[in-house]
Amino acid sequence: MSVLEQMSAEEVGERLRIAREKANLTQGDAADAIDVARTTLIAVEKGQRRARFDEVRKLAKAYGTSVNALLRREAIHVDLAPRFRKLFNSNDKAEAEAVELIDNLAKAEVELENLLGVTRPRNYPPERPLLPGDVRTQAEHDAMELRHALGLGIRPVPDIVTLLEMELGVRVFIRKLDSRISGLFIFDETLGPCVLLNANHPRERRVQSAGHETGHFISSRRSPEIFHRHETENSREERYANAFGRAFLTPSRGGDAEVPRGDGRIRPANAPAHHS
């Protein structure tokens, strides 16, 4: 039995769909490549009609990939780019290259782990939706809550990259990016949380960017994010992430600030949290 026959029609179709979208081709383009109607191509991608090997070979060529890359069992078929495009609707070349880089790095790492039989820990802290009121106050409380859970006390975080990777299971990559980009964050069920930091930035700035992205991991992990060097706090999510990063990296010694409750009232920071 061939590899293609061993895979379900649904899995093959999903892999073909992701490869097509990554190649920026329409369903019509793909249908023309294998000389079928667009409705047939749609049925293939939905797993309602099994793709033939010759069709997979022609589609692989049209998508700029190989049959092996499409069908090998260890391959990770996730494309992060559409999620970023949907969020930002941007054609910025530097952003697109950064997104492709984190996509390739994360998938390669997961494939290697699968081959070696390595299971990355998934010690993800609870997600904290933004509550009514001052998000900065909430961010500071959530940062202290995570610090206590990690046993950090009030001392500064010595190495946030190692902490994210070893304690929380976040994939952190440091590569050279356009100077305008400080970092990227994405969460995917297959890849887990992934952060890409700019190696062209000084270490102190990379640490701050990592703290910022940790804030997004805590508060809005389902939304991908590109953090720009001189980005203004133009949203509650950005204000939360910046405040979380500062409080998590170098907390104040007060610890008695008040934070908003889900019902809009106020409670002391050292009171038990009851986030939904």
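Q: Which elements do the buried residues of α11 pack against?
A: They pack against α9, α10, β2, β3, β4 (225-228) and α12. Contact here means heavy atoms within 4.5 Å, and buried means under 20% relative accessible area, exposed over 50% and partly exposed in between, with a 1.4 Å probe and protein chains only. Helices (H or I, at least four residues) and strands (E, at least two) are DSSP runs, numbered from the N terminus.

Q: What kind of model is this?
A: It is a predicted model in which local features need pLDDT of at least 70 and side-chain atom pairs count only at pLDDT 80 or more, while totals for chains, interfaces and linings use all residues. Residues are numbered from 1 along each chain as its sequence is written, and side-chain values use heavy atoms, leaving out hydrogens and water.

Q: Which residues of α11 are buried?
A: Among them are Ser209, Gly211, His212, Glu213, His216 and Phe217.

Q: What span should α11 have?
A: Its 17 residues should span 24 Å at 1.5 Å a residue, and the end C-alpha atoms are 25 Å apart, which agrees. The expected span is 1.5 Å times one less than the number of residues.

Q: How many residues are in the largest nonpolar core?
A: That core has 25 residues, and Val157, Ile160, Leu164, Val170, Phe244 and Phe248 have the most contacts inside it. Such a core is a set of buried Ala, Val, Leu, Ile, Met, Phe, Trp, Tyr and Cys residues joined through side-chain atoms within 4.5 Å.

Q: Which elements give two or more residues to it?
A: They are α9 (135-149), α10 (160-168), β2 (181-188), β3 (192-198), α11 (203-219) and α12 (236-249). The most comes from α12, with six residues.

Q: What does Val157 touch, leaving aside neighbours within four places in sequence?
A: Val157 is in contact with Arg147, Leu152, Leu163, Phe248 and Leu249. A second, separate core of 20 residues includes Leu80, Ala94, Ile181 and Ile186.

Q: Turning to Asp142, is it buried or exposed?
A: Asp142, found in helix α9, is buried yet has no salt bridge; Arg128, the nearest side chain of opposite charge, is 4.7 Å away. A salt bridge needs a side-chain nitrogen of Lys or Arg within 4 Å of a carboxyl oxygen of Asp or Glu.

Q: Which side chain makes a polar contact with that of Asp142?
A: The side chain of Tyr240 does, at 2.7 Å. A polar contact is a pair of N or O atoms within 3.5 Å; within protein, one must be able to donate a hydrogen and the other to accept it, and residues adjacent in sequence count only if both atoms are side-chain atoms.

How values were computed. Lys and Arg count as positive and Asp and Glu as negative; His and the chain ends are not counted.
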